[in-house]
There are 2 protein chains.
Amino acid sequence: MQFHHHGYVSGDPRVLPAAGVGIDRPEDLPDEVDVLIVGSGPAGMIAAAQLSQFPEITTRIVDRRGGRLEVGQADGIQARSVETFQCFGFAERIIAEAYRITEVNFWKPDPNSPDNIVRAARTLDDENGISEFPHLIVNQARVLDYFAEVAAHGPARITPDYGYEFADLEVADEGERPVTVHLRRTVGEQEGSERTVRARYVVGCDGARSPVRRSIGRELVGKDANHAWGVMDVLAVTDFPDIRTKCAIQSRAGSILLIPREGGFLFRMYVDLGEVTPETKAGVRQKTLEEIVAQANAIIHPYSLEVRNVAWHSVYEVGHRLTDKFDDVPADQVGTRTPRVFITGDACHTHSAKAGQGMNVSMQDGWNIAWKLGHVLTERSPESLLDTYSAERQVYAKQLIDFDREWSALMATKPEDLEDPTVLEDFYVKTAEFPAGFMVQNAPSMITAEAAHQDLATGFPVGKRFKSAPAVRVADTNPVHLGHHARADGRWRIYVFADPAAPGEASPTAHLAEWLATSPSSPVVAHTPKEADADTWFDVKVVYQQQHTEIDLGKVPQVFLPRVGPFQLIDYEKVYASDPEHDIFELREIDRGGAVVVVRPDQYVANVLPLSATDELAAFFAGVMRAPRVTSA
Amino acid sequence: MQFHHHGYVSGDPRVLPAAGVGIDRPEDLPDEVDVLIVGSGPAGMIAAAQLSQFPEITTRIVDRRGGRLEVGQADGIQARSVETFQCFGFAERIIAEAYRITEVNFWKPDPNSPDNIVRAARTLDDENGISEFPHLIVNQARVLDYFAEVAAHGPARITPDYGYEFADLEVADEGERPVTVHLRRTVGEQEGSERTVRARYVVGCDGARSPVRRSIGRELVGKDANHAWGVMDVLAVTDFPDIRTKCAIQSRAGSILLIPREGGFLFRMYVDLGEVTPETKAGVRQKTLEEIVAQANAIIHPYSLEVRNVAWHSVYEVGHRLTDKFDDVPADQVGTRTPRVFITGDACHTHSAKAGQGMNVSMQDGWNIAWKLGHVLTERSPESLLDTYSAERQVYAKQLIDFDREWSALMATKPEDLEDPTVLEDFYVKTAEFPAGFMVQNAPSMITAEAAHQDLATGFPVGKRFKSAPAVRVADTNPVHLGHHARADGRWRIYVFADPAAPGEASPTAHLAEWLATSPSSPVVAHTPKEADADTWFDVKVVYQQQHTEIDLGKVPQVFLPRVGPFQLIDYEKVYASDPEHDIFELREIDRGGAVVVVRPDQYVANVLPLSATDELAAFFAGVMRAPRVTSA
Ligand SMILES: Cc1cc2nc3c(=O)[nH]c(=O)nc-3n(C[C@H](O)[C@H](O)[C@H](O)COP(=O)(O)OP(=O)(O)OC[C@H]3O[C@@H](n4cnc5c(N)ncnc54)[C@H](O)[C@@H]3O)c2cc1C
Ligand SMILES: Cc1cc2nc3c(=O)[nH]c(=O)nc-3n(C[C@H](O)[C@H](O)[C@H](O)COP(=O)(O)OP(=O)(O)OC[C@H]3O[C@@H](n4cnc5c(N)ncnc54)[C@H](O)[C@@H]3O)c2cc1C
């Protein structure tokens, strides 16, 4: 965590100094905003948390709820989400509070006495050690609380405007704030009254029934049948011995997905109510809690369950559904019109609860659109950046749904029935990334290069998220995880993995450093506002192959030791050395000749290049950023 | 973290439900209190945080300051303190925010050019891996903030009463609240006005000049000379390459202790001003910041330092000083009178800043007296428990001061000048525990048994703090650190390290479990209030030698799976298994026949016993606790 560089901060360093529109933020929703986020679920709250780092932008977030979410909804947190929380600065806190999944146990009918269940298998949840972050279970409400804190403590000081229901919107062809949004008060003295807000952009994070989606004429499409689950978060006494372990329970009486919850006592049971069609819907919805508990008892026989307190229950129905495009620009008009309205999360795709994707994918949507809006509205990037949101996330949502279907089918197939035995092996490798949330691979676009030099850093696949690895921070000799020091601050990151030369020697690294610091075509020079510190928009880090004891900081090029803040202090936290016990060059298969790895503000690898490829690097950022800036005054 | 057992908690689980006197806590300082803490430094704030877990007790904490500490004072956090923070629930947060010491570098005059300094050595700060917790640097103000949060979020909802200066006190021979305390308002409209508060007990945490100490007629005694340091917390630009590493710098121009600080930019320099006597005092105190900076520049030559911003500076003088007894009962009257006034921290002992003990030792003092007051005031323990405070902490403070002197002297002695070469080796082993804060070993007393059975668990020395080790929590299969799940909740802990039998088999462990649950002489039965849950005062945990997959929870004795809360839910987090990769029995040298390890509320090992020693266990607790309770209707 870096702070004090603008002078001593006495209190909690997680509370950033208010800036820009955050300084005198009006308490009441203004009539004109830059970004209006509709819905304060996971997609909306991460978007607010990200946009709070952009105090040049007036962002407001409305929700029809009168206050924070209290209970219920999703609870599965993939490792990718915890990685995201790290970037937003609250991973360690939520880990301390959450339930951690280590094993998943499978219960089946006892072959000798099929009315009883027996433990058929114990499996490790993350057999392949796919992430250094854990797989957690914690209520959606707490995830929202943490993002709310980040949003409130960001320089733009964003807090949700509760009690506003989105009714409708229109998008004009021109004007500074072309989106007119109609809202209705849902609480308080003005309940029922209407409000109109004009916005440059609207982000619909308003869940599966999304009126924002409807207002741009898009539809969630999928097969008619939904899968229904009786869900209950309960405090109960039971003799079922695995009650604090995640279990898939199959018995003659049906099946249960058991999710132990945070705090050591609460657990969730998803009692499978099967597929429901529009015809059977009404009946399923009427399932009472008592019926769900009775069914759970039948399923876990010979064990039993006495529910003593119910925190939440619901019949949760969900199908695989998808919207064809995640913004308001018709497919045939992309490039000719700027998208003004975006939809995210459940508003544009829904998944089975079993795969536990809902909240996780929604957060990645919200993050994706938020930093892009930040970059366009601060004039770092052209408006065309916004087209990449739907292009990336709609494609991924589709892959995910296809994959989820295939996965479910394959898991249900006996090995002997498979055509090709290697199908399963191949699938398992992919599968490991699926539940952890690491399957996304963005296709080439203005912000994701063709992987022409992938062989220079095989462990950082272009388009996938930057997978952290250990390194030693030279200045304080701390062993750290390189990627954990990236913050959700909206900056592009340029990781320079050095060639074997030591700092001070003439080398490709030294040459690149000089170019980055001084060349008019260097992205740092060309695109950083003239009056700003060199690290304002680009976070340039170097990782040397030497051990830290062999690095002389006095000889490290200036671009890796930028001067920052009003006192122009040296930022020492950008210079890393290889950790001999966990050599990042080996772990991530980085060419010993060195490589540049460009990483987006949302942690996805955008490009891998040779150290000498200054032209390509310049060209890449010329496509991402607007024309070189001129000094303003 | 355990919660939800009294029903679903929607918000931050770190905020415990208010109870007892915490429910309607008066905002203004009342005229009558149970415990009055004077001073909200580290000693006072940890005491408040601990007493906030006792909502039966009215505790108030006053400070003459008008609000929270903002800057300055100590910053070194030993591993023992981080372990303590873990117990109070904020270790992961403060670790994320603090500077972490990995290496300590030594700079000396360059033999070839003695006006210049050169790096003479790099050493690991914790060569022996003495703790799983790091050695941190973070401002005292932040440590106080975290304790303030724990105090405010505890069931008793304690917040400091700022702006009250302690003037004097008298202790009467009798009466319910025999201590009469005179306070003066230091801020606000009533500035200068006086207040009288009557208390059962007063804890003086009012620093080195302690008027509480003076009011009980005790003195800080030590040699006349103090060591003086020019201390500055600054933001600066320098070419000194190790500016972000802890360094001891010796040069012809003097010496500096360099402490990099949290946040990546700030650092502290202690510029050695040497010994000052009453005669030279005045001169030293007049050292200006400019002079200190100039001296620092002279010392680090050929490097230099340009200070751009000063967060804090001071001339800090401290000597080795000690008070002969830490309460108001004369040594010859111990056992005949109950101590009513206690002094802690700097009020009764001071140390050199170099050893970095001040804040750390003060916290352990505050914790020690606080849980004991909690136990006496809730009638768990007889008043004689309070005599152990001075007995334990005064003795330790003396040892520490002696050790610090010896350490400093030995470190300054050349190896060839030592009489016996093994002196140094022996010393190094002890030394490893010294800077980390693990040197305390309480002598036998009513709460620390004679180490008659130490051989059963050599790794848990009686009198020293319980050194955690890895284990697997059976119910959720999580690999955890056994000791990290102890909370500062005022409970005694009984760790049962099982014999080799599996749960369900007749065995010494099963026999002990039965005895603990049912025998009238079991501490759990004898001393737990009849109307309360079995785990209210005693946290009984078991660690089996088997792997977790071999433990059938259905067969584990009930005493290890207690029913808790209004719904009488099963607490599953007391049953552990050995982690095959880090076998706790091997790591802590526990006899394979099993052992009982009794641990105090402040984490110190109180007793090690064979599983069969039920009589000794009963006798031990009969000495600690009051007579068996009778139901209060
Ligand atoms: C009742 C319910 C139960 C669920 N149960 C599970 C489960 O058991 N397991 C699981 O994995 N997932 C579950 N989910 C799905 C999971 O919560 C979602 O995948 C996830 O929350 C998606 O995040 P989101 O931000 O896209 O939308 P949501 O979290 O749905 O957030 C949408 C937000 O928009 C607000 N909103 C809606 N309409 C308007 C409007 N007109 N104006 C203003 N605000 C509006 C809502 O109040 C809400 O705060 C459940 C969802 C719901 C709604
Ligand atoms: C100015 C200063 C600089 C220091 N610098 C260093 C350093 O550089 N390095 C280091 O290791 N240690 C330093 N220390 C020592 C370190 O801070 C202490 O060892 C540690 O704070 C001891 O904790 P404590 O709780 O016993 O007392 P303190 O932290 O001193 O707390 C005492 C509290 O009591 C309050 N108080 C005092 N008198 C009264 C009264 N009459 N009525 C009400 N309240 C009262 C004070 O306002 C204060 O909040 C410094 C201490 C001071 C005071």
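User: What should the 14 residues of helix α4 (residues 140-153) of chain A span at 1.5 Å a residue?

Analyst: This is a predicted model: local features need pLDDT of at least 70, side-chain atom pairs count only at pLDDT 80 or more, and totals for chains, interfaces and linings use all residues. Residues are numbered from 1 along each chain as its sequence is written, chains are lettered from A and ligands numbered from 1 in the order written, and side-chain values use heavy atoms, without hydrogens and water. Helices (H or I, at least four residues) and strands (E, at least two) are DSSP runs, numbered from the N terminus. The expected span of a helix is 1.5 Å times one less than its number of residues. For α4(A) that should give 20 Å, and the end C-alpha atoms are 20 Å apart, which agrees.

User: Why is α4(A) described as largely enclosed by the rest of the structure?

Analyst: Buried means under 20% relative accessible area, exposed over 50%, partly exposed in between (1.4 Å probe, protein chains only). In α4(A), 10 of the 14 residues are buried, so the helix is largely enclosed. Among them are A:Leu144, A:Tyr146 and A:Phe147.

User: Which strands are the edges of the seven-stranded open sheet in chain B?

Analyst: Strands of a sheet pair through backbone hydrogen bonds, either parallel or antiparallel. Two strands pair if DSSP finds at least two bridges between them. Here the order is β6-β5-β14-β15-β16-β13-β17, with mixed pairing. The edges are β6 (113-124) and β17 (305-318) of chain B, each pairing on one side only.

User: How many bridges join β15 to β16 of chain B?

Analyst: Five bridges join β15 (residues 254-260) to β16 (residues 267-276) of chain B, and the two run antiparallel. B:Ile256 stands opposite B:Val271 in β16(B).
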